[in-house]
Amino acid sequence: MILTEYDENEFREFLKEDSWKKGHEAGMEEERKNSIRFMIKTCMEFQLPREQILKKLMDGFSLSQDAAEKHLENYGK
């Protein structure tokens, strides 16, 4: 069995860094979703066909066709 020394300050620092990382990742994902929604809205305002909107989503955000379709379906919800 290996014994290690417990350092409360080091553990708190670890928790703080881990929380920041998770919060940052969640914020980045929310920003990406907002950008996708904005692109869909803009394309719809210009009355682009569904196929063109899907292609723009796939190219602009490196999405698969299934993921692009899912975003497009969820846009109005």
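Select Asp18 first: at 27% relative accessibility, Asp18 is partly exposed. Here buried means under 20% relative accessible area, exposed means over 50%, and partly exposed lies in between (1.4 Å probe, protein chains only). The model is predicted, so local features need pLDDT of at least 70 and side-chain atom pairs count only at pLDDT 80 or more, while totals for chains, interfaces and linings use all residues. Residues are numbered from 1 along each chain as its sequence is written, and side-chain values use heavy atoms, with hydrogens and water left out.

**Stop 1**

The term stands for a side-chain nitrogen of Lys or Arg within 4 Å of a carboxyl oxygen of Asp or Glu. Both residues lie in helix H1, 4 residues apart, about one turn of the helix. Lys22 is exposed, at 53% relative accessible area.

Now select Glu13 and Lys16. These two form another salt bridge, with the closest N and O atoms 3.6 Å apart. Lys16 is exposed at 54%. Glu13 is partly exposed at 37%.

Jump to Lys41 and Glu45. The closest N and O atoms of this salt bridge are 3.6 Å apart. Both residues belong to helix H1 and are 4 residues apart, about one turn of the helix. Glu45 is exposed at 54%, and Lys41 is partly exposed at 39%.

**Stop 2: the whole chain**

Zoom out and color by secondary structure. The chain has 3 helices and 0 strands. Helices (H or I, at least four residues) and strands (E, at least two) are DSSP runs, numbered from the N terminus. Along the sequence the pattern reads α-α-α.

The C-alpha atoms fill roughly 65 × 25 × 20 Å. How does the radius of gyration of the chain stand against that of a compact globule of 77 residues? The chain has 21 Å, whereas such a globule would be near 11 Å. That radius is taken over C-alpha atoms, and the globule rule is 2.2 Å times the number of residues to the power 0.38.

Show the surface. Its accessible area comes to about 6800 Å², with 53% belonging to carbon and sulfur atoms. Accessible areas come from the Shrake-Rupley method with a 1.4 Å probe; for residues, only the protein chains shown count as cover. Of the 77 residues, 13% count as buried.

**Stop 3: a surface patch**

Select Tyr6, Phe11, Phe14 and Leu15. They form a nonpolar surface patch with about 450 Å² of accessible area together. Patches are made of residues with over 30% relative accessible area and no salt bridge: like charges are joined within 9 Å, nonpolar side chains (Val, Leu, Ile, Met, Phe, Trp, Tyr) within 5 Å. Tyr6 sits in the segment before H1. Tyr6 is exposed, at 59% relative accessible area.

**Stop 4: across to Asp59**

Select Ala26, in helix H1. Ala26 is partly exposed, at 48% relative accessibility. Draw a distance to Asp59, 33 residues away along the chain: the C-alpha atoms are separated by 23 Å.

**Stop 5: two loops**

Select Gln47, in the loop between H1 and H2. Its phi is near 55°, a positive value in a residue other than glycine. Gln47 is exposed, at 70%.

Move to Ser62, in the loop between H2 and H3. Ser62 likewise has a positive phi near 55° without being glycine. Ser62 is exposed, at 67%.

**Stop 6: the core**

Which residues make up the largest nonpolar core? Select Ile36, Ile40, Cys43, Ile53, Leu54, Leu57, Phe61, Leu63, Ala68 and Leu72, 10 residues in all. The elements that give two or more residues to this core are H1 (8–45), H2 (50–61) and H3 (65–74). H2 gives the most, with 4. Such a core is a set of buried Ala, Val, Leu, Ile, Met, Phe, Trp, Tyr and Cys residues joined through side-chain atoms within 4.5 Å.

Finish on Leu72. Leaving out residues up to four places away in sequence, Leu72 touches Ile40, Met44, Arg50, Ile53 and Leu54. Contact means heavy atoms within 4.5 Å. Of the contacts in the chain with a separation of 6 or more, 36% join residues 24 or more positions apart.
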